[in-house]
Amino acid sequence: MRVVIVPGALALLPAYRGLVDPVADLRKVCEEAVAWLLEDGARTVEVLGDERIAGALLQGAEIGAPGDALLVVANGSARRSTTSPGYLDERSLPYDEQVESALARGDLATLRSLDPTLGDDLLCANIAGLVELGARFSTCSSSELRYADDPYGVRYWVVCLTCES
Amino acid sequence: MTLKLGRHEFPDDATLMMAIVNRTPDSFYDKGATWAEDRAFDRVAQVVDEGAEIVDIGGVKAGYGETVDPDEEKRRVVGFVARVRAAYPELVVSVDTWRSEVAHAVCSEGADLINDAWGGHDPKLAEVAAAHDAALVVTHTGGLPPRTDPHRIEYDDVVADVIATVVAQAERAVAIGVDRRSVVIDPAHDFGKNTFHSLEVTRRLGEMTATGWPVLVSLSNKDFVGETLDRPVGERLLGTLATTAISALAGAQIFRVHEVAETRQVVDMACSIAGRRPPARAIRGLA
């Protein structure tokens with residue numbers, strides 16, 4: 001099954017759109033990843049996380065469970081630096097590195113072992129969704145980290161995975 | 001409805017900066033700073049750089065002063081209109097005149113808009129606008145002849161008088177042949193009005209925008225601002241901008257101004273507060 005992970009940045013929502021898009025690069029990568037998610041003919045997409053963001057990116061594809069594809073809305077810490085929304089928590093960088101490395105490699109075992117409580121402390125979004133992703137499948141036959149950056153002090157990832165039970 | 005100003009069209013919710021460019025030796029604010037043609041042309045370049053969509057070129061001081069006959073007015077503005085038209089094809093060129101003879105001459109050189117600041121004093125002005133497919137600003141002056149000040153004018157209801165007068169002029173212009181998308185109404189602050197009248201017109205400007213005609217306001221550094229704040233010419237920018245914000249909130253669309261950049265910021269801010277314009281770039285709390 002195809003799986004895509006996108007961040008829960010509210011700036012992706014149409015309601016918060018300005019004249020200039022502050023997340024234009026991120027949005028483009030998200031849209032391309034969602035296009036990949038759907039290009040295999042998926043009709044229903046299961047969403048783990050903020051369905052508003054999922055809905056904005058899926059643009060009309062049906063959201064429901066069980067689905068033919070999975071979209072996880074999750075992101076890393078918002079406490080990565082003194083200019084981050086949640087100020088600096090030094091545990092953020094190693095935590096994000098652990099998650100990012102697991103996503104890049106399709107390492108489901110590490111995702112399963114993530115500590116969601118620490119993730120909440122670090123103002124991550126929906127680490128529980130990544131844990132569930134890790135638990136739901138046994139292997140990933142492909143993984144591609146298409147975006148990894150923190151332009152506003154929050155770690156964003158866009159990841160395309162192909163996972164098997 | 002689209003706003004059509006001569007050869008230029010704008011969405012119906014556009015806000016436009018109309019920069020004042022005086023070809024006069026004696027206008028109240030700039031006191032002849034752009035009397036020389038090259039200085040006036042430099043002023044056009046400056047306001048275009050600041051984002052003005054419209055320039056309003058005037059050859060006669062609004063208030064009392066030296067007589068300027070139609071030939072002299074034409075000498076001041078016609079060639080200048082042609083020069084601006086040629087240099088800035090994307091710019092809306094407006095001419096502030098009450099004379100149909102002058103309007104005809106400037107429209108023949110490509111003026112897009114006639115700003116009839118003296119409220120239909122010359123009834124043939126609308127015919128000229130229609131003949132040239134130009135836009136027309138119609139104004140309320142309380143019946144005063146051009147270049148005169150109000151003296152003890154009173155109204156039962158100044159806003160009702162303004163609306164009745166300008167809407168009648170607007171409908172008349174359309175009946176004569178001016179495109180309905182090309183008529184703009186202006187309450188004309190200070191013209192035929194004491195300060196209390198201009199304040200009331202501002203306070204109740206929403207009644208004017210509710211008519212559906214696009215509303216122009218000309219507030220810049222005027223006496224009602226000066227009297228309200230007890231400030232001389234030259235110290236009226238803050239009062240002007242406060243009035244601008246109120247007017248933009250009420251839905252005014254065209255702002256005839258001396259200070260383009262400052263007014264643009266105030267209008268954008270007010271329109272965003274009103275929910276008619278998104279913020280330029282919003283990430284605070286949304287990352």
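In helix α9 of chain B, the buried residues are Gly239(B), Thr240(B), Leu241(B), Thr243(B), Thr244(B), Ser247(B) and Ala248(B); buried here means that 20 or more other C-beta atoms, placed from the backbone, lie within 10 Å of a residue's own. The model is a predicted one, where local features need pLDDT of at least 70 and side-chain atom pairs count only at pLDDT 80 or more, while totals for chains, interfaces and linings use all residues. Residues are numbered from 1 along each chain as its sequence is written, with chains lettered from A and ligands numbered from 1 in the order in which they are written.

Those buried residues of α9(B) pack against several parts of chain B, among them α6 (195-203), β9 (216-218) and α10 (260-273). Helices (H or I, at least four residues) and strands (E, at least two) are DSSP runs, numbered from the N terminus. The helix itself covers residues 237-249, and its 13 residues reach 18 Å from first C-alpha to last, close to the 18 Å expected at 1.5 Å a residue (that is, 1.5 Å times one less than the number of residues). Just past α9(B) sits Gly251(B), with a positive phi of about 105°.

Zooming out, chain B comes to ten helices and ten strands, and 48% of its 287 residues count as buried. Its C-alpha trace spans about 60 × 45 × 40 Å along the principal axes.

Over in chain A, there is an open sheet of six strands in the order β3-β2-β4-β1-β6-β5, with mixed pairing (two strands pair if DSSP finds at least two bridges between them). β3 (62-63) and β5 (139-149) of chain A are at the edges with a single partner strand each, so one side of each has no neighbour in the sheet. Strands β1 (residues 2-6) and β6 (residues 156-164) of chain A run antiparallel, joined by four bridges; in β6(A), Cys160(A) is the bridge partner of Val4(A).

Technical notes: A residue is buried if 20 or more other C-beta atoms lie within 10 Å of its own, exposed if 12 or fewer, and partly exposed in between; C-beta atoms are placed from the backbone. Two residues are in contact if their C-beta atoms, placed from the backbone, lie within 7 Å.
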